Amino acid sequence: MKKKITFYLNNEKVVVKCHPLKTLLKVLREDLNHTEVKNGCEQGECGACTVIIEDEDKKSFATNSCLVAIGQVEGKKIVTIKGLNKEKELHPIQKSFIDEGAVQCGFCTPGLILVTKSLLDNNPNPTDEEIKYAISGNLCRCTGYIKIFAAIKKAIKLVKKIRNSKKI
Amino acid sequence: MFLPFDYQSPKSLKECLKLISENENAHILAGGTDLIVNIRSGKIIPQLVVDIKNISELSDIKKTDNYIEIGSLTTMNQITKSSLLKGAYYLLSYAASIMGCYEIRNRATIGGNIINASPGAETLNPLVVLSAKVVLESTSGQRILSIEEFVCGPNKTEIKKNELLTKILIPIVNEEADGVYMRRQRVKGMDLASVNCAIFITNKSDIKKRKIKISFGTVTPKPYRPIKVEQLLENNKITKNLILESVKIINSEINPRTTSLRASPEYKKFMIEYFLVEGLKKILGEINVN
């Protein structure tokens with residue numbers, strides 16, 4: 001049983017024909033070649049496959065793409081790490097991760113950056129506890145989280161600076 | 001993943017109820033955080049999956065005259081943020097806020113947490129002590145059951161094949177009331193509860209009128225209410241001896257399984273006293289148990 005499903009991937013309309021219960025993760029990686037979305041545990045433990053989903057009422061949230069059936073994203077907007085930078089210019093969160101050396105093997109990085117974006121979109125001034133709480137579903141086996149935490153702290157400042165300069 | 005089965009996503013409750021009344025082997029898909037994992041591992045091989053996520057009437061929290069009504073599709077993060085679940089009901093939103101991780105809480109629904117009925121399910125103990133009820137709807141009408149009657153054991157509830165869990169009703173408490181939810185887990189980040197407990201007390205400052213409800217998770221197949229202990233603690237001054245007697249009664253009634261991956265029966269029994277003392281302290285203020 002296959003079905004035509006339309007959604008928006010990084011602001012581009014895409015149409016896929018597949019079983020509606022195939023997971024969003026598999027569709028992104030296998031059918032659409034978006035391998036920047038990583039396949040870790042496939043059961044919602046590791047957070048490597050995190051994407052941002054925006055629904056009709058413009059509410060956006062980060063979630064594990066391995067637990068979302070593709071039929072459930074009909075008409076919705078999906079953002080992967082590729083959708084974050086504008087052409088060659090990196091997103092401030094991406095920049096901070098590089099500057100702070102928060103990337104080692106890089107497998108958890110797309111998920112961590114997207115969950116950080118989702119956190120900062122909803123709460124521009126998170127406390128240390130709120131940061132830890134937000135990234136508790138993303139496992140990193142290289143860094144020990146210290147550098148990731150520093151990168152997020154830096155990103156908060158950078159995002160704020162950019163927002164303020166836009167206001168003027 | 002092998003996908004031989006059919007998939008439907010009804011847009012209205014009526015359409016959904018008709019669909020599940022006509023198909024005995026339908027599996028309901030809400031947040032998907034349990035079902036998709038179970039299908040992939042082969043634990044569940046469905047013939048038809050009914051995706052209810054598009055039924056918008058099932059995903060909000062509102063206050064009526066007697067109840068706070070929570071739609072079964074309300075996600076854990078919606079419950080965490082709800083302004084209606086503050087004060088005496090805070091224990092439920094706190095339980096929802098520590099379930100899984102941030103990404104999971106954005107998908108996982110309260111209905112799914114109840115139907116899955118894991119012995120350590122985060123929301124079950126708070127719902128039990130809040131005397132919550134579930135509304136089950138089918139094409140032939142609706143039934144209302146208390147959460148204690150509804151949950152029978154791991155993955156087992158009283159729901160019939162043609163029914164859908166649509167709402168959770170939490171009675172509005174007019175008296176002075178307060179509650180607490182506590183859990184133990186192996187790691188600080190994301191984990192399932194090794195053992196958990198909820199306590200809810202109404203009329204806490206009047207020892208004669210005081211009502212206490214207690215529920216423990218993972219010590220029996222379904223949430224366990226020590227009714228004898230509740231009665232013992234209700235109208236008596238809480239002392240060390242009373243707590244010790246309560247622990248004795250509870251330990252004679254429970255039988256935690258030895259095959260649990262997360263905690264041994266001895267550890268769970270050990271935690272009973274800690275939860276009782278800490279929970280009562282949090283609600284009643286300082287009590288002398290030394």
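Author: Two strands pair if DSSP finds at least two bridges between them. Strands (E, at least two residues) and helices (H or I, at least four) are DSSP runs numbered from the N terminus. The model is predicted, so local features need pLDDT of at least 70 and side-chain atom pairs count only at pLDDT 80 or more, while totals for chains, interfaces and linings use all residues. Residues are numbered from 1 along each chain as its sequence is written, and chains are lettered from A and ligands numbered from 1 in the order in which they are written.

The pairing of β4(B) with strand β5 (residues 67-71) of chain B is antiparallel and runs over three bridges. One point of reference is K63(B), whose bridge partner in β5(B) is I68(B). These two strands belong to an open sheet of five strands in chain B, ordered β4-β5-β10-β6-β7, with antiparallel pairing. At the edges of the sheet stand β4 (61-63) and β7 (141-146) of chain B, each of which pairs on one side only. On average, neighbouring strands of the sheet are turned by 25° against each other, direction ignored (axes are lines fitted to C-alpha atoms, for helices over the stretch in contact; angles run from 0 to 180 degrees between N-to-C directions).

Helix α1(B) packs on this sheet. The strands of chain B that α1(B) touches are β6 (133-138) and β10 (164-171), and the direction of α1(B) makes about 120° with that of β10(B) (contact requires C-beta atoms, placed from the backbone, within 7 Å).

Chain B is assigned domain 1 (6-51), domain 2 (59-171) and domain 3 (177-284). Between domain 1 and domain 2 of chain B, the C-alpha centres are 19 Å apart. Their contact draws on 13 residues of domain 1 of chain B and 16 residues of domain 2 of chain B. On the domain 1 side, helix α1 (residues 13-22) of chain B supplies the largest share, six residues. That side of domain 1 of chain B comprises six nonpolar, four polar and three charged residues (nonpolar: Ala, Val, Leu, Ile, Met, Phe, Trp, Tyr, Cys, Pro; charged: Asp, Glu, Lys, Arg; polar: the others, Gly among them).

Elsewhere in chain B, helix α10 (residues 240-253) and helix α11 (residues 265-284) pack at an angle of about 140°, their axes being 10 Å apart. From α10(B) the contact uses I243(B), S246(B), V247(B), I250(B) and N251(B). From α11(B) come K269(B), I272(B), E273(B), L276(B) and V277(B). Six of the residues in this helix contact are nonpolar, two are polar and two are charged.

Chain B also meets its partner chain: 21 residues of chain B are in contact with 24 residues of chain A. Strand β4 (residues 60-64) of chain A gives the largest share of the chain A side, four residues. By class, that side holds 10 nonpolar, 12 polar and two charged residues.

Within chain A, the assignment gives domain 1 (3-82) and domain 2 (92-167), and their C-alpha centres lie 21 Å apart. This contact takes 14 residues from domain 1 of chain A and 13 residues from domain 2 of chain A. On the domain 1 side, the elements giving two or more residues are β3 (50-54) and β4 of chain A. The residues of that side divide into nine nonpolar, three polar and two charged.

Methods
Domain bounds come from an automatic or database domain assignment. Two residues are in contact if their C-beta atoms, placed from the backbone, lie within 7 Å.
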